[in-house]
Amino acid sequence: MTSDAALTEAETFYLNDYTPFGFEVDSVELTFRLAPSATRVLSKIRFTPKPGATDLRFFLHGEKLKLISAKIDGTDATPDLTAEGLTCEVPETSFLWEAEVEIDPAGNTALEGLYMSGGMYCTQCEAEGFRKITYYPDRPDVMSIFTVRIEGDEEVLLSNGNPVSQSQGLAEWHDPWPKPAYLFALVAGDLVNHPDTFTTQSGKEVELNIWVRPGDEDKCAFGMEALKKSMTWDEEAYGREYDLDIFNIVAVDDFNMGAMENKGLNIFNSSCVLASPETSTDANFERIEAIIAHEYFHNWTGNRITCRDWFQLCLKEGLTVFRDAQFTSDMRSASVKRISDVIDLRARQFPEDQGPLSHPVRPEEFQEINNFYTATIYEKGAEIIGMLKRLVGDAAYRKAVDLYFDRHDGQACTIEDWLQVFEDSTGRDLAQFKRWYSQAGTPRLKVAESYEDGSYTLTFEQSTAATPGQPQKDPRVIPIALGLLNGNGDEVQPTTVLEMTEAKQSFTFDGLASKPVPSILREFSAPVILERATSSAERTFLLAHDSDLFNRWEAGNTLAREARIDMVLEGAAPDAAYLEALQKLVRDDSLDPAFRALVLQPPSQSDIAQTLYERGVTPDPQKIYDAAETLAQTLAQQLADSLPRLYAETTVEGAYSPDAASAGKRALNARVLTLLTRLDGGEQAARQYASADNMTQQYAALSWLLQAENGAAQSHAFFEQWRGDRLVMDKWFALQVALATPEKAAAVAKDLTRHELFTLKNPNRFRAVMGALAGNHAGFHHASGAGYQLLADNLIVLDSLNPQTTARMCTAFQTWKRYDADRQALIKMQLQRIKSTTGLSRDTNEMVSRILDA
Ligand code: PHE
Ligand code: ZN
């Protein structure tokens, strides 16, 4: 296959250039004659010119298609072909377009359009993959009704909607709901299913299936339960019912992303749906539940109401991430979910928002839309919905969303439409709030306080640094959830939401008996960086007393971060007050073990680097690594007496169950084991490894053994036990790189790329090794530059096969301006080397150029 770069000079698309398509697409009929390297796709599409349309040029997208024939109303047509599509003379009234094209699924390593994975056919059309299947107006605002006929020898032939007929070698599907082409899907393979049924709130029976390759059928039960829970939850929480007779999920091994919400036929990366106690960790189970929910929830937020254009991507993604987070909070612990989400936001979105790739939640320009499936669009997009809900209140939020569904069902919408339903149903003016969508960058919030005669005043000052293309920023609306505690730890002001709208603004609380301790930004009520000089005594106090669990964790997290920073910058000893508070908390049985595990989880080394950078200090990865090691060692020694008992108390007995309570206990148990391993050299971990009957415990034991450089035997045994299981092998590849010491990380990763089971063609395997390398902070940023070079070498090769996954992995370099001149020079050299590769894809070229432009 040729690379994308051959097709186009980097063209930029602008939000302001939006023009509607000049034709209505009344109906689409597709026939697929499947053959691995020569599949024929026949299309019959009825177009009707729109009265009053401004753009009546008939342009159909199409890439890498071999056009066999084209007809208009039965007569041969002579379209003009380019690398991006075709134009054609067409009648002024309704007409039937018929085309036959040939495509090569077996040669499609980009995993976009129709491709093959492990012998089965599958599709990925979001965002612009349908144009690799046939000629079509491949834009989300063109919605139509699809009928699909599949001719193939495979036992299972699936597409969107409801089945019309099935016989040997032939299946026909009809989707009654108008949809954009990006939601089209087709699957054909010798698959087996895990079936079930669901009765909707109005009494409609829906057939449910999870389709997998033979051998995986015992890994579907958990996903199916998650699906049924999601269906019930969306009825109860949002009044949304499922709308087809059948809902199919398919697991595929080769997939660029996590999963895809195609109408009635969700396609999943097998790592995001297959689960069993023996092969999946607690974290896997939780993630699978969340992703199944996410894709299912898209049926209303994404499919029934879709996006007008790709600039509006956050309309469906931000909202759907918010909905899946609500679901997880309801299924598990709300504060544990919130803390985990904030850890993730700070790890992925904050660096993005403060680096060269910073972009608004609704971008106004792009070259390659695949590069905008980012933490900003998804996670910050979800944060905006959370702030909106907090500002208007729960009841008003529900009313506004109901209005959104009522008013826009069947439409392709914009952020303006979304905000309008809130304005109309609450009477609020959201003009200033809208800046969250248009302004990039993470606001910093400075806090000052004063107390006099029972009157306490907090003064906040907000500012946002310049981001690419946006030198000036205006003040945003920031909801600040706040509580006040007195010196005994009693709450004297329960949580209230301060609505900050000015650049600088004060809020006063009267009638207080003494100077209170403020608990600011409870539940992390806005995605901002809080800057407040506070004593470690006050943080320790909040860690012990705050009624808001998020802020309790935050106090501990800040203490840990400050302790590490003092160690890095001043060679200080670990903060004793912090260690003492931590010990108390870890032993406090009244607290949820999952919460205690999170408090015990140290801030990542990249988090420390990012914080130093935010404070104008150049981080030294090796020093950050050393401080992390010292702090963990000190903590282990301080807790030495209680570790064996804690380990015993948190060991979950009996048959494995992935429920939140057991998983939380195991999470705490794993944190205790990692400390214990620092003292006993791995004795307990080796015992746990030997007796583990589930992956969570096996994986934790192996991790800590590898970290102690004492796990060679277990690693070998693990490989022999699991070499036949792709998903477990991904863990094995990743762990070795993730836990290698800074000096060894690049060499370990390099050796693994030569392993017989390594392949660039499977994105999960590629990410296992290269993602783990990029995630090993001190290893990736080792002064030798070996990590940078290895990643660049692999990106260059992968780009010719799979531009999308290559471009995403380039984000490993986005933080390069954090580091010293030597490291910057080493990274720059690699970025330039990638950029100068002949035939580089549009995807990777855009990413590398933006990163270099910093
Ligand atoms: N729309 C998918 C989701 O978030 C993500 C995705 C994007 C998958 C592009 C594939 C390709 O649920
Ligand atoms: Zn999504």
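User: Which residues lie nearest the centre of the largest cavity?

Analyst: This is a predicted model, in which local features need pLDDT of at least 70, side-chain atom pairs count only at pLDDT 80 or more, and totals for chains, interfaces and linings use all residues. Residues are numbered from 1 along each chain as its sequence is written, chains are lettered from A and ligands numbered from 1 in the order in which they are written, and side-chain values use heavy atoms, leaving out hydrogens and water. A cavity is a set of points, on a 1 Å grid over the protein atoms alone, where a 1.4 Å probe fits but cannot get out, and lining residues have an atom within 4 Å of a point. The largest cavity has 10 lining residues, and nearest its centre are E63, E112, E128, E368 and R842.

User: Which protein residues are donors of the zinc ion (ligand 2)?

Analyst: Donors are N, O and S atoms within 2.8 Å of the metal (3.2 Å for Na, K and Ca); water is not among the atoms, so sites may look incomplete. The protein donors lie 1.9 to 2.8 Å from the zinc ion, and their residues follow the spacing H-x3-H-x18-E. They belong to H294, H298 and E317.

User: Is H298 buried or exposed?

Analyst: Buried means under 20% relative accessible area, exposed over 50%, and partly exposed in between (1.4 Å probe, protein chains only). H298 has a relative accessible area of 0%, so this residue is buried.

User: How far is a nitrogen atom of ligand 1 from an N or O atom in the side chain of E126?

Analyst: E126 is among the residues that come nearest to ligand 1. The distance from the nitrogen atom to the side-chain atom of E126 is 2.6 Å.

Methods: On a 1 Å grid over the protein atoms alone, a cavity is a set of points where a 1.4 Å probe fits but cannot get out, and a pocket is an open set with protein on both sides within 12 Å along at least five of seven lines; lining residues have an atom within 4 Å of a point. A residue is near a molecule or strand if one of its heavy atoms lies within 4 Å of it. A polar contact is a pair of N or O atoms within 3.5 Å; within protein, one must be able to donate a hydrogen and the other to accept it, and residues adjacent in sequence count only if both atoms are side-chain atoms.
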